[in-house]
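Me: Hi! Could you walk me through this structure?

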Amino acid sequence: MLTEQPGLLFVAATLLPIASFAILLLWGAVRWGLRPYANDNPAARNVFEMLGGAVPGPGPAYVATAAIGLAFVCSLIGFCIFLGEVGTMHELEHELVHHQQAHPDKHDDKQGEKKDDDIDKLRGEFNQLKHHWEGSVDWARLYSSSQKDIDRGAILTVGFRIDMLSAVMFVMVTFVATLIHLFSIGYMSDELQKEVEDHEVHTAHGHYSRRGRFGRFFMFLSLFCFSMLNLILADNLFQIFVSWELVGICSFLLIGFYFERTSASNASNKAFITNRIGDAGFIIGLMIIWTFFGTFNFEEIFRRVRCPQVDAHGPITFKIGEDSAKHRIVRGNAEQKEGYPFFKANPEGSLALIFPRNEHLHGPQSEQKVYPEPGATQYTTIPYWLLVVAGLGIFLGCVGKSAQFPLQVWLPDAMEGPTPVSALIHAATMVAAGVYLVGRCYPFFTPEVLLTISYVGAITLFVAASIAVVMTDIKKVLAYSTVSQLGYMMLGLGVGGWTAGLLHLLTHAFFKALLFLGSGSVIYGCHHQQDMLKMGGLYPKMKITALTMLMGVLAIAGTPFFSGWYSKDEILVSAYGFVMANKQHFLLFLLPLVTAGITTFYMFRMWFMTFTGKPRDEYVHEHAHESPWQMTVPLILLAILSVGVAWGWPPHIPEHSWLGEQLHHYSQPESVKVDFAEADKAIAAHHGHEVVFFTATSVVGIGLVFALVLYFYGVLDPNDAKEQFPDVHRFLLNKWYFDELYSTLLIRPALVIAHWCRNFDSTVIDGFVNGLGKWSVLTSYWSGRFDSGIIDGFANLIADVSYAVGSWLRNVQTGYLRSYILFLALAAMAIWVLLYAWANAVIGGP
Amino acid sequence: MNPVEQLNLYLALGALLFVCGVVCMATKRNAIGVLIGVELVLNGANINFVAFSRFHPNFQVEGMIFALFVIVMAAGEAAVALAIVLNFYNNHTTVDVDTAEELKG
């Protein structure tokens with residue numbers, strides 16, 4: 001089965017963590033259910049003890065780590081097989097396209113038929129290889145309002161599709177996650193106690209103490225990994241959306257892991273609610289896509305929105321102005337020609353063409369994907385502005401997940417979670433999802449959307465870096481550096497550096513995981529001290545942590561030959577090209593360039609403040625120690641990869657990075673080259689690579705010099721700078737007042753409106769209901785009075801009268817025989833008299 | 001004297017006997033006296049039956065048969081009534097009908 005479809009290795013890698021989640025959930029549930037009976041019932045106690053007893057054991061960690069480790073092995077094997085096949089696949093596809101363009105009409109002559117055989121053979125080979133790496137099952141059949149789909153209905157599928165991007169992401173995510181699992185075994189060992197005292201929660205009886213939650217932590221980690229892997233695996237947007245929400249809920253659970261702390265529960269709420277805003281945009285995008293395309297499958301959407309090279313009628317010879325329409329979004333207007341609707345291409349047109357479901361390129365397949373020919377050549381249109389809105393909506397989702405301006409506020413607060421969680425969120429899973437989705441949906445984005453993405457990225461990277469300069473909490477510095485680096489990725493994607501942006505996502509995953517785990521090691525070694533103002537001089541105490549972190553710092557700063565340099569340099573080159581082609585957007589190059597210097601400055605500031613100089617706090621320094629091997633081994637492994645993951649040959653040319661080249665050749669959408677052709681020309685024309693190399697390196701050097709002067713040699717006192725510019729310092733320390741701004745603009749108005757609503761509810765609605773109640777009480781009272789007075793009175797009256805008559809008549813019954821006889825006689829006489837009188841009156845005498 | 005006048009004389013005798021019986025029943029306190037009144041009433045009625053059987057062609061047989069019925073019934077009545085009187089005497093040591101008032105309403 002695996003030789004037939006090696007893509008299933010990746011499916012297995014996805015399913016392993018969810019299996020681990022299910023096992024841990026069951027384990028925990030049984031333990032929880034048995035706990036109350038464990039004291040009395042011997043059978044229950046035996047099972048309870050078998051499952052770990054009252055004190056949580058490290059078992060769950062082994063299950064989860066084994067699952068994710070196996071997933072890593074699966075993805076690595078899958079990746080190697082994929083590498084072996086991807087080249088052939090790529091060549092075949094090109095050849096096919098070439099053939100079809102050269103010989104569009106298959107049935108003209110004998111030669112054509114021969115070519116036809118050739119094409120069929122090629123197509124067969126190609127489909128066989130393609131089948132290795134994709135597959136799907138129908139999940140639900142729906143009916144779409146879109147007319148084209150009447151013949152087929154619309155189907156929601158669950159499927160997988162592996163390309164170079166997802167394969168590389170798989171290896172990265174599973175590798176980083178495995179190391180984070182391993183690290184967590186050491187870091188979360190406090191949770192192994194029967195009673196854990198939380199020093200940050202104060203109750204009336206001192207510190208809050210609770211049961212250890214070791215198993216729960218690893219259960220959530222497993223679910224988190226599954227969600228992220230499923231997101232990468234998916235071949236359609238709907239599956240991505242489901243995993244997207246799962247990632248959201250996992251981050252909520254893990255950020256709020258210490259939910260007894262008010263700050264942690266607030267932070268998890270903030271992360272979740274901020275993400276909801278983004279998801280609202282995502283849903284809008286999904287609805288537009290569903291309405292107009294009737295499918296969520298990436299390949300189909302992209303094939304229909306970008307002009308294909310051939311359709312059922314043959315090669316497409318559209319021209320937009322001077323250029324061929326190939327791989328472009330074709331805009332135009334609807335016109336009438338001889339009574340028939342007619343689409344006239346026009347670069348400013350208000351409609352965008354939706355191309356038919358074109359299966360011709362890959363040939364009719366034996367499976368479900370054969371569509372009836374008449375329906376297949378139906379061209380439809382989508383209003384261009386809706387295409388923009390859909391793109392912006394999807395991007396808004398990514399803004400939320402990847403913590404971009406203006407939704408970046410949740411990520412620094414997410415530091416309330418345990419440090420391995422921060423590492424997982426920041427490196428491999430959550431924030432990567434947003435960038436991944438932008439990269440995945442790239443052909444769908446119009447130039448307007450891409451420009452928005454670039455500006456959002458540029459603003460984010462600068463704002464976050466400026467805040468990171470003044471932060472003193474070691475994790476907050478890293479959090480803001482993540483936001484800033486994510487801004488770089490978005491910028492890179494927006495300006496056409498598709499490969500650069502996603503390569504930065506990969507390299508960043510390694511060095512950010514390293515930095516976070518390093519900070520975790522520092523925090524663990526300093527007994528949960530996170531404030532850098534209490535650290536300093538820790539280098540002799542924790543050499544491994546310090547040296548590995550230095551590798552991470554060098555990588556993130558963009559020091560030449562470290563992994564971060566390759567990707568960041570590429571991003572800057574793309575930005576440079578874009579700016580040279582569109583001079584009015586000069587900020588898109590200036591901001592990231594300046595920020596590169598700022599990044600170097602604050603990262604070295606963090607490292608110097610933590611590891612060098614004099615100890616600032618004697619107690620912390622005295623008790624600091626190096627972490628156990630479960631924590632240092634991941635650090636060393638990550639350090640090696642942080643240095644060398646992006647290497648290529650020759651190493652001094654960033655675009656020859658091996659990983660980057662793989663992505664560039666096999667995964668980059670064709671539309672990138674077409675959309676950013678001018679920028680590419682500008683790079684070559686203005687010696688982009690050389691210019692960027694020298695300017696960026698010198699800016700990085702300046703940043704390093706500043707950090708050395710201020711924090712290593714202490715020539716200048718950083719406090720002087722603080723006192724010189726108190727307003728700037730306060731502004732940065734308060735994170736550009738974003739929280740306050742949102743509080744004023746959104747939260748307080750919402751609270752005021754909520755207050756009004758409550759008042760309206762309690763006065764008007766409740767008043768109405770209460771009035772109704774009072775009215776009916778009053779009505780019932782009078783109705784009761786009527787009932788008891790008049791109706792009952794009438795009935796009683798009848799009874800009373802009969803009683804009175806009866807009482808009077810009983811006097812007749814004297815009991816004396818003689819009086820009865822007298823009555824009889826008198827009655828007889830009376831009857832006689834009456835009869836006599838009656839006879840006289842009626843018949844005139846007896 | 002024509003038959004109708006003769007019949008009227010008999011009927012007058014029957015009415016006299018009937019009224020005497022009723023007065024006797026209404027005035028006597030002694031239970032035996034009351035029974036005697038009853039006998040008088042029955043015999044007053046009997047005289048009527050017999051008189052009609054003699055003077056009315058339609059009632060020649062019926063009158064006599066009804067008279068015989070009344071005699072038989074009077075005998076039965078006397079037997080039952082005397083038994084009640086005896087029992088009453090056993091319970092109350094008197095035959096005064098005014099003391100028997102327990103059935104009053």
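**Pocket and sheet**

Reply: Sorted by class, the residues lining the largest pocket are 18 nonpolar, 12 polar and 11 charged. Nonpolar covers Ala, Val, Leu, Ile, Met, Phe, Trp, Tyr, Cys and Pro, charged covers Asp, Glu, Lys and Arg, and the others, Gly among them, are polar. This is a predicted model, where local features need pLDDT of at least 70, side-chain atom pairs count only at pLDDT 80 or more, and totals for chains, interfaces and linings use all residues. Residues are numbered from 1 along each chain as its sequence is written, chains are lettered from A and ligands numbered from 1 in the order written, and side-chain values use heavy atoms, leaving out hydrogens and water.

Me: Which helix gives the most to the lining of the largest pocket?
Reply: Helix 3 of chain A, with seven residues. Helices (H or I, at least four residues) and strands (E, at least two) are DSSP runs, numbered from the N terminus.

Me: Switching topic: in what order do the four strands of the open sheet come?
Reply: The order is 10-9-11-12 in chain A, with antiparallel pairing. Two strands pair if DSSP finds at least two bridges between them.

Me: And which strands stand at the edges?
Reply: Strand 10 (340-345) and strand 12 (380-383) of chain A; each has a single partner strand, so one side of each is left without a neighbour in the sheet.

Me: How many bridges join strand 11 to strand 12 of chain A?
Reply: Four, with strand 11 spanning residues 351-354. Across that pairing, A:Ala352 stands opposite A:Ile382 of strand 12 of chain A.
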